[in-house]
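Please look through the model below before reading on. The paragraphs after it go through the structure step by step.

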Amino acid sequence: MPANKNALIRYKTIDNCLRNRYRRWTLQDLVDACSEVLYEMEGIDNGVSVRTIQGDIQMMRSDKLGYNAPIEVYERKYYRYSNPDYSITKMPMSQNDYEVMQDYIQHRQPRKVMFWASAEQSKYIATKPLHRTQRQIEHNPDDGSCLFEIEVVINYEMYSIFLSLGSGVRVLQPPTAVEYMRTKTEEMAKLYR
């Protein structure tokens, strides 16, 4: 049974690679593909190890997950499915896999994110919206700051944008995003002590 959604994402990525018969896949190619997908989907920027992918391939080959994937090595370094019609997506999902994927899908739904911006950043953000759903909720005439709201899938890219705006922006809602930003800014502050 997969430990978490990251394992499921890696299995699906490996499956997509091995189904592509127009390319030869080395172990390093599979590592790179999984690392790229995990970065895009989850913001995990330290990649995955060769050992992790080797373990994933063994897990996919086994019957522990019910996959029994016919993964073979040919020419001593390339990976593929020996059955070109095989895909793990054609296999029934276990209850645990289903629950992990449901949790993942729910977290991939757009959510409202409210943030405060200083007068300087408000001017910039008003002319160059962070997202197409952006709307100004409130303007403070005393200091020129504004409250904005966007509706987005909360992911690494969103956090990166907010972090790039520095101290001129503060995420206010939802609490999980506030906590993530607090943790990251504290980590950044430690680097300069």
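Is cysteine 34 buried or exposed? Cysteine 34 is buried, with a relative accessible area of 1%; buried means under 20% relative accessible area, exposed over 50%, and partly exposed in between, with a 1.4 Å probe and protein chains only. Cysteine 17 also counts as buried, at 6% relative accessibility. The sulfur of cysteine 17 has its closest cysteine sulfur in cysteine 34, 6.4 Å away, which is too far for a bond. A disulfide is a pair of cysteine sulfur atoms within 2.5 Å, and the search of the whole structure finds zero of them.

This is a predicted model, in which local features need pLDDT of at least 70, side-chain atom pairs count only at pLDDT 80 or more, and totals for chains, interfaces and linings use all residues. Residues are numbered from 1 along each chain as its sequence is written, and side-chain values use heavy atoms, with hydrogens and water left out.

Now the chain as a whole. Seven helices and six strands make up its elements, in the order α-α-α-β-β-α-β-α-β-β-α-β-α from the N terminus. Helices (H or I, at least four residues) and strands (E, at least two) are DSSP runs, numbered from the N terminus.

The C-alpha trace spans about 70 × 35 × 30 Å along its principal axes. Of the 193 residues, 37% count as buried. Among contacts (heavy atoms within 4.5 Å) with a separation of 6 or more, 58% are between residues 24 or more positions apart.
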